[in-house]
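Below is my note on how the chains of this model meet.

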There are 4 protein chains.
Amino acid sequence: MLGVGEMGQRHAENLRRLVPRARLVAVADVSAERARKVAADLEIENSYDSLDAMLECKGIDAVVIATPDKFHAASVKAVAAAGKDILCEKPLGLTLNEARDLLASVDKSGVRLQVGFMRRYDPAYATAMRRIAAGEIGVPVVFKSIGRDKDGAPLAAYQSGINGMLFYANTIHDFDLARWLMQDEVAEVHAFTTVITRPELAQYSDVVASVVNLKYGKGAIGNIESNAQAVYGYDVRTEIVGSKGSIMVGSLLGTHATVLTSGGSNQMTTDHYLTSFSEAYRAEMLDFVECILGDREPRVTGEDGLKALAIAVAAEKSSVRGETTAVTDESLSEVA
Amino acid sequence: MLGVGEMGQRHAENLRRLVPRARLVAVADVSAERARKVAADLEIENSYDSLDAMLECKGIDAVVIATPDKFHAASVKAVAAAGKDILCEKPLGLTLNEARDLLASVDKSGVRLQVGFMRRYDPAYATAMRRIAAGEIGVPVVFKSIGRDKDGAPLAAYQSGINGMLFYANTIHDFDLARWLMQDEVAEVHAFTTVITRPELAQYSDVVASVVNLKYGKGAIGNIESNAQAVYGYDVRTEIVGSKGSIMVGSLLGTHATVLTSGGSNQMTTDHYLTSFSEAYRAEMLDFVECILGDREPRVTGEDGLKALAIAVAAEKSSVRGETTAVTDESLSEVA
Amino acid sequence: MLGVGEMGQRHAENLRRLVPRARLVAVADVSAERARKVAADLEIENSYDSLDAMLECKGIDAVVIATPDKFHAASVKAVAAAGKDILCEKPLGLTLNEARDLLASVDKSGVRLQVGFMRRYDPAYATAMRRIAAGEIGVPVVFKSIGRDKDGAPLAAYQSGINGMLFYANTIHDFDLARWLMQDEVAEVHAFTTVITRPELAQYSDVVASVVNLKYGKGAIGNIESNAQAVYGYDVRTEIVGSKGSIMVGSLLGTHATVLTSGGSNQMTTDHYLTSFSEAYRAEMLDFVECILGDREPRVTGEDGLKALAIAVAAEKSSVRGETTAVTDESLSEVA
Amino acid sequence: MLGVGEMGQRHAENLRRLVPRARLVAVADVSAERARKVAADLEIENSYDSLDAMLECKGIDAVVIATPDKFHAASVKAVAAAGKDILCEKPLGLTLNEARDLLASVDKSGVRLQVGFMRRYDPAYATAMRRIAAGEIGVPVVFKSIGRDKDGAPLAAYQSGINGMLFYANTIHDFDLARWLMQDEVAEVHAFTTVITRPELAQYSDVVASVVNLKYGKGAIGNIESNAQAVYGYDVRTEIVGSKGSIMVGSLLGTHATVLTSGGSNQMTTDHYLTSFSEAYRAEMLDFVECILGDREPRVTGEDGLKALAIAVAAEKSSVRGETTAVTDESLSEVA
């Protein structure tokens with residue numbers, strides 16, 4: 001396990017406790033202290049303060065990468081060069097050039113690469129995909145998705161610049177769903193963004209919220225809304241409107257306790273993605289391990305990671321330039 | 001009452017039965033037969049086959065206009081010239097030029113003009129507005145709205161060309177809510193549309209579904225999805241995401257009967273706007289009558305009608321040209 | 001219309017405005033003042049201060065009885081003796097003896113009698129009945145119903161003694177549904193009641209809340225909860241659990257506006273039966289009028305009124321005596 | 001771990017994976033084969049075919065008992081005699097005599113005993129309890145609970161006679177909640193039961209469904225419905241109606257995917273208690289381990305187990321005799 005912040009710790013716990021056929025032998029983190037603590041808590045034999053050091057460890061077949069976004073590309077390349085299979089958190093990289101470069105390395109080394117679009121493993125999303133694929137809603141016409149985080153990150157997180165802006169860190173999940181559930185590629189996008197409640201984010205090229213219009217290759221359309229601080233809770237919902245029916249996924253309800261007073265009915269909401277998607281993270285890790293043991297390709301490929309990234313890049317371009325923007329994986333399309 | 005199709009009949013019933021302080025003395029329709037039948041059913045004294053004939057009738061203080069969209073502008077002008085107050089169904093017109101021309105006539109004649117944005121009278125929308133105005137959700141950041149009709153109109157309706165395309169006939173309600181609930185003006189829009197399931201609509205310059213991105217003057221953003229044939233039901237929902245909380249309005253649930261079998265839980269959905277908004281239509285009419293009796297200005301003004309229309313015009317331009325488009329009420333901005 | 005309190009006024013409004021084939025010619029109330037006011041508001045020609053006076057009025061074909069419960073039986077008898085059809089509010093009477101006596105009068109006079117179990121006309125309950133009758137949930141096994149009022153009546157209402165206690169005034173609706181939806185008769189009941197929050201009600205032989213267990217003739221079981229002051233809103237819900245599935249009816253949600261803050265999601269609730277069941281009251285009146293015009297029997301008969309009353313009597317006996325109690329329509333079974 | 005059927009396996013998995021401070025050193029089951037398999041799957045060192053054999057194993061501090069109901073009492077006594085702490089699945093026993101006898105043994109040996117009422121650890125129930133205790137709903141007036149299983153057990157399970165009938169195996173959870181959430185003791189009960197869809201259960205003194213009326217010591221009332229085969233899903237819901245408001249807990253919704261077609265909206269339901277209460281089972285086990293390590297009393301005591309059992313015994317008596325029945329923990333009150 002490379003990187004044991006919030007996300008990496010969850011992956012480590014899942015591997016250690018809920019994926020019996022895997023053995024988690026080592027964790028690494030730039031903070032040696034943090035790596036040691038997680039290793040101690042989870043009874044993992046080895047902890048390191050760098051990827052290089054960890055790669056020296058015997059008996060490693062695969063590495064899960066959960067570093068900040070900025071280090072994904074370099075980490076994937078190093079692990080691929082060492083000949084180990086990879087589960088890399090989203091996004092694959094922050095530019096199309098580095099993502100393509102990374103994919104070339106993976107290709108050359110012949111290792112497996114799975115990208116962390118864990119929503120595909122969520123029971124509700126998986127049910128939706130199965131029913132769409134079975135033709136229950138006919139031809140998909142409109143894709144809609146909402147992804148709202150509860151509390152915005154502190155300013156220091158923006159200042160550090162180690163993670164991608166909203167489209168890369170949050171909307172990227174919806175960009176992946178937009179391709180997967182609609183079984184078509186996004187051809188064009190248009191984005192409006194706002195910093196109305198935190199104007200200071202503008203200097204870090206980041207935003208508070210965004211709406212992205214989508215146009216698909218075969219003619220369908222869509223829209224994705226992302227929000228870094230919706231205050232009331234963690235809220236992820238997706239709808240696919242089809243010619244014969246629609247599918248809705250997601251719910252903002254948290255614990256099932258409702259208090260009714262003369263003021264109305266009050267229900268608690270979910271606060272955190274690790275709560276909403278705990279099952280998805282577990283299933284994702286299980287599947288990654290089964291891929292390796294069963295010698296088959298991951299279900300979420302490097303190509304998937306690249307294509308979602310290309311949509312994010314186009315969305316950022318659109319918001320900066322104020323134009324409808326084609327989605328292309330040519331390096332020319334990078335935000336200049 | 002001018003025009004007694006589906007909408008006009010409902011207005012006539014409401015006036016006749018649920019608005020005790022008004023007296024409905026006459027109905028007119030291009031179909032004299034239909035006018036006669038409605039008059040007989042509702043025990044209204046007079047029926048006519050034209051507006052001109054009806055305006056000869058004594059004792060008319062106000063006219064409700066529920067003709068097809070194309071005739072709104074000319075009808076308003078004629079009624080204003082006759083010095084009667086007006087409740088006109090949305091949209092006010094199909095071009096900004098005719099709407100401006102119409103407003104000038106109304107202005108000159110000094111009559112009242114209320115535009116039929118009845119959602120403002122729906123109990124849930126009215127509650128939302130009240131709570132937003134009270135500051136409960138802080139600064140509005142994102143406006144989201146969905147308007148889906150169940151069954152698409154037959155091809156003949158499109159061929160007749162008497163109603164505006166999707167943005168004018170359906171989305172216009174959301175364009176009005178977008179201004180009203182956010183207490184700000186829409187400055188720019190971007191629209192994608194699709195005819196994927198009915199390519200034959202393209203020749204009538206109409207579409208099956210659309211997504212419209214919004215950018216507000218003060219920096220907020222938004223998106224509106226419209227769908228002419230969502231199949232599963234009539235579904236109208238709006239969310240306003242603010243800096244301190246959010247408000248959701250609307251629900252697709254119809255009758256409150258749920259059937260639970262081993263296949264899951266099944267609930268019926270609402271089919272028609274006259275069901276979902278029956279209370280709103282009644283309250284709208286009551287308020288129009290109270291305006292006249294109390295000698296005050298309507299709550300939904302001609303200016304509101306013009307501004308919502310300007311957004312629709314900009315959205316159509318955007319979808320035709322593929323560009324982000326400024327919302328302006330200059331005639332120059334018309335789709336050429 | 002006899003009795004124009006809250007309920008009678010609604011019936012009068014419905015008759016006047018929403019039942020075009022009926023003509024409401026007179027209202028009567030012990031308060032001549034109130035009768036006059038309602039007649040004036042609704043433009044009804046005649047108002048009286050007694051039933052006898054009203055029955056002198058020419059052109060009356062039918063009378064709707066909405067007096068306090070205590071006067072139902074005598075009123076029905078008088079109207080039947082005058083040869084007019086009757087829609088009588090629930091309960092039919094407060095003892096089985098008076099109800100049987102009343103039915104004999106109706107029988108002898110040959111007039112129609114419909115009892116005001118309007119929930120049968122509610123779209124959701126009607127849907128439930130249709131789907132049960134179609135066999136969708138197999139054999140009904142358990143009947144469950146909840147009926148909660150928002151605010152308890154003031155003490156004066158209890159002191160006046162003009163309405164039946166909770167089982168007769170509120171639960172009687174559920175006793176009727178218990179027979180209708182299960183298509184079987186209730187054979188035995190057991191009731192617990194409480195005055196925990198208003199001990200002073202005990203002296204008026206009334207209660208704050210109750211739970212009534214049901215045993216059906218064919219072996220099914222059930223339970224009904226009633227509450228005179230649930231504080232948070234008006235809440236009516238029914239479930240029928242069957243061998244192949246279940247049906248749930250009712251919902252406590254009121255206006256569809258949800259406010260989401262960091263405290264969770266908040267929804268308004270319904271306050272009043274006239275709001276929740278407005279459609280049912282209208283449909284009930286329409287059907288009564290159609291019965292008369294079409295010369296057919298009412299759907300909700302005097303027999304239905306008697307049988308629901310018999311369950312209420314048995315429930316009261318059970319709660320007083322602390323015993324499982326058989327439901328019988330013998331006068332012997334009256335609470336002594 | 002004693003007994004590794006469905007329930008015991010889950011406890012074993014939780015202990016092994018999700019309770020880091022505990023070490024699961026042995027499992028025992030009457031099926032040595034099953035014990036071996038579970039031990040192998042979960043990498044547990046020792047497996048046995050009897051409790052006696054397992055108690056020989058060194059280093060055991062506590063035993064979790066998840067045998068069939070019939071063996072709970074004897075198992076607890078044996079483990080207590082061996083001086084080990086105990087988490088025993090519900091019910092504590094099948095008669096009050098054996099439960100009292102068991103408690104005496106536990107008392108004498110001085111070991112800890114926690115009873116498996118895991119719903120108290122469910123986040124929604126825990127939230128409800130906290131808010132009731134904080135006075136948010138005022139004085140509790142009515143307790144309502146529903147517990148429905150999806151599929152009934154096969155006839156063989158009834159024939160084996162190793163588990164208690166519905167009141168002991170299923171309703172016992174609600175009997176515990178009825179005491180805990182209302183903070184009062186149940187004084188009297190009345191039960192109706194049905195075998196309408198499986199008359200063959202009568203010969204095994206078991207039932208398909210039941211409704212139990214409750215009367216509390218301080219005057220509140222309640223009702224609990226249980227159903228062994230509700231077909232449509234696993235459905236557990238509880239409401240507490242108070243003088244200032246109400247609390248609802250539970251929901252029948254499973255995965256959050258809704259399919260909308262012209263037939264309405266369709267949602268999947270939950271099938272199994274191990275899904276609905278997975279978090280509760282984990283939290284229960286964590287708390288048991290923390291009790292031991294922190295040397296404190298369990299939150300759910302043997303007394304709690306006895307009192308819930310006393311309600312079940314009274315409910316069974318009531319249903320057999322057709323009488324309102326006092327709840328007492330005297331042995332005289334056993335069903336004869």
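1. Between chain C and chain D, 20 residue pairs are in polar contact, with both residues of each pair at pLDDT 80 or more. This is a predicted model, and the confidence limit applies to side-chain atom pairs.

2. Salt bridges also join these two chains: the count between chain C and chain D is six. One that can be looked up directly links the side chains of Arg148(D) and Glu239(C), with an N to O distance of 2.8 Å.

3. On the side of chain C that touches chain D, the elements giving two or more residues are strands β6 (140-148), β7 (186-194), β8 (209-216), β9 (221-227), β10 (235-242) and β11 (245-249) of chain C. By class, that side of chain C has 20 nonpolar, 16 polar and 10 charged residues.

4. As for extent, 46 residues of chain C are in contact with 46 residues of chain D. The area buried between chain C and chain D is about 3,300 Å², and carbon and sulfur atoms give 63% of it.

5. The contact of chain D with chain A should be read separately. It takes 26 residues from chain D and 26 residues from chain A. The area buried between chain D and chain A is about 2,300 Å², with 61% given by carbon and sulfur atoms.

6. How many salt bridges are there between chain D and chain A? The count is zero. Across the interface of chain D and chain A, one residue pair is in polar contact, with both residues at pLDDT 80 or more.

7. The largest share, seven residues, comes from β12(D). Sorted by class, this side of chain D has 11 nonpolar, 10 polar and five charged residues.

8. Chain D is superposed on chain A by a rotation of 180° with 0.0 Å of shift along its axis, at an RMSD of 0.0 Å. The two copies are therefore related as by a two-fold rotation axis. In chain D, the C-alpha nearest that axis belongs to Arg17(D), 2.3 Å from it. The same surface serves both copies, as 100% of the contact residues of chain D recur in chain A.

Note on methods. Residues are numbered from 1 along each chain as its sequence is written. Chains are lettered from A and ligands numbered from 1 in the order in which they are written. This is a predicted model: local features need pLDDT of at least 70, side-chain atom pairs count only at pLDDT 80 or more; totals for chains, interfaces and linings use all residues. Side-chain values use heavy atoms; hydrogens and water are left out. Copies are superposed by least squares on the C-alpha atoms of residues with pLDDT of at least 70 in both. Contact means heavy atoms within 4.5 Å. Buried area is the accessible area (1.4 Å probe) that two parts lose on being put together, summed over both. A salt bridge is a side-chain nitrogen of Lys or Arg within 4 Å of a carboxyl oxygen of Asp or Glu. A polar contact is a pair of N or O atoms within 3.5 Å; within protein, one must be able to donate a hydrogen and the other to accept it, and residues adjacent in sequence count only if both atoms are side-chain atoms. Helices (H or I, at least four residues) and strands (E, at least two) are DSSP runs, numbered from the N terminus. Ala, Val, Leu, Ile, Met, Phe, Trp, Tyr, Cys and Pro count as nonpolar, Asp, Glu, Lys and Arg as charged, and the others, Gly among them, as polar.
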